[in-house]
Amino acid sequence: MTVFLVGAGPGDPGLLTVRGAEVLGRADVVVYDRLVHPSLLALAPADAERVYVGKAPGRAEIEQADINALLVEHGHAGRAVVRL
């Protein structure tokens, strides 16, 4: 199982690390929230699945336990997963 946790900073795409860009560039699945700048999603392959999990201060459209389960599910399926 391969799941990468990649920090995207406070919305500034210039703060992404080289390693973060590397793993994003070979992701099969990208799980992201509202802070991720659209240009970072463009670094993932065109056929990568993009899953919005919509967390915001004081509310979560998807609970953290469900996000974790989603990461594990995709990872167990042999897919390279990035939680951005």
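This is a predicted model: local features need pLDDT of at least 70, side-chain atom pairs count only at pLDDT 80 or more; totals for chains, interfaces and linings use all residues.
**Figure 1. Strand β2 and its two partner strands.**
Strand β2 spans residues 29-32 and is covered on both faces. V29 and V31 are buried on one side, and V30 and Y32 are buried on the other. Strand β3, residues 49-52, pairs with β2 in the parallel sense through 4 bridges. Within β3, Y52 is the bridge partner of Y32. Strand β6, residues 80-83, also runs parallel to β2 and is joined to it by 3 bridges. Here R83 of β6 is the bridge partner of V31.

**Figure 2. Helix α3 and its buried side.**
Helix α3 covers residues 64-76. Its 13 residues should span 18 Å at 1.5 Å a residue, and the C-alpha atoms at its ends are 18 Å apart, so the two values agree. The buried residues of α3 are I67, L70, L71, H74 and G75. They lie on the same side of α3, because their arc around the axis is only 125 degrees. These buried residues pack against β1 (2-5), β2, β3, β4 (55-56) and β6. A65, E73 and H76 are exposed and sit on the face of α3 turned away from the buried side. After α3 comes G78, which has a positive phi, near 85 degrees.

The largest nonpolar core has 16 residues, and V6, V30, V36, V82 and L84 have the most contacts inside it. Helix α1 (18-24), strand β2 and helix α2 (38-41) each give two or more residues to this core. A second, separate core of 8 residues includes V29, V31, V51 and L71. Sequence neighbours within four places aside, L84 is in contact with V6, A8, L16, L24, V30, V31, Y32, D33, V36, L40 and L41.

**Figure 3. The R83 to D33 salt bridge.**
R83 lies in strand β6 and forms a salt bridge with D33, with the closest N and O atoms 3.6 Å apart. The pair links distant parts of the chain, since D33 is in the loop between β2 and α2, 50 residues from R83. Is R83 buried or exposed? R83 has a relative accessible area of 13% and is buried, because the cut-off for burial is under 20%. D33 also counts as buried, at 15% relative accessibility. Beyond sequence neighbours within four places, the contacts of R83 include F4, L5, V6, V31, Y32, V53, K55, I67 and L71.

**Figure 4. The E49 to R79 salt bridge.**
The closest N and O atoms of E49 and R79 are 3.0 Å apart in this salt bridge. E49 lies in strand β3 and R79 in the loop between α3 and β6, so the pair ties together parts of the chain that are 30 residues apart in sequence. Both residues are partly exposed: E49 has 32% relative accessibility, and R79 has a relative accessible area of 25%.

**Figure 5. The R19 to E22 salt bridge.**
The side chains of R19 and E22 meet in a salt bridge, 2.2 Å from N to O. Both residues lie in helix α1, 3 residues apart, which is about one turn of the helix. R19 is partly exposed, with a relative accessible area of 44%. E22 also counts as partly exposed, at 41% relative accessibility.

Note on methods
Residues are numbered from 1 along each chain as its sequence is written. Side-chain values use heavy atoms; hydrogens and water are left out. Buried means under 20% relative accessible area, exposed over 50%, partly exposed in between (1.4 Å probe, protein chains only). Two strands pair if DSSP finds at least two bridges between them. The expected span of a helix is 1.5 Å times one less than its number of residues. The arc is that of the directions from the helix axis to the C-beta atoms. Contact means heavy atoms within 4.5 Å. A nonpolar core is a set of buried Ala, Val, Leu, Ile, Met, Phe, Trp, Tyr and Cys residues joined through side-chain atoms within 4.5 Å. A salt bridge is a side-chain nitrogen of Lys or Arg within 4 Å of a carboxyl oxygen of Asp or Glu.
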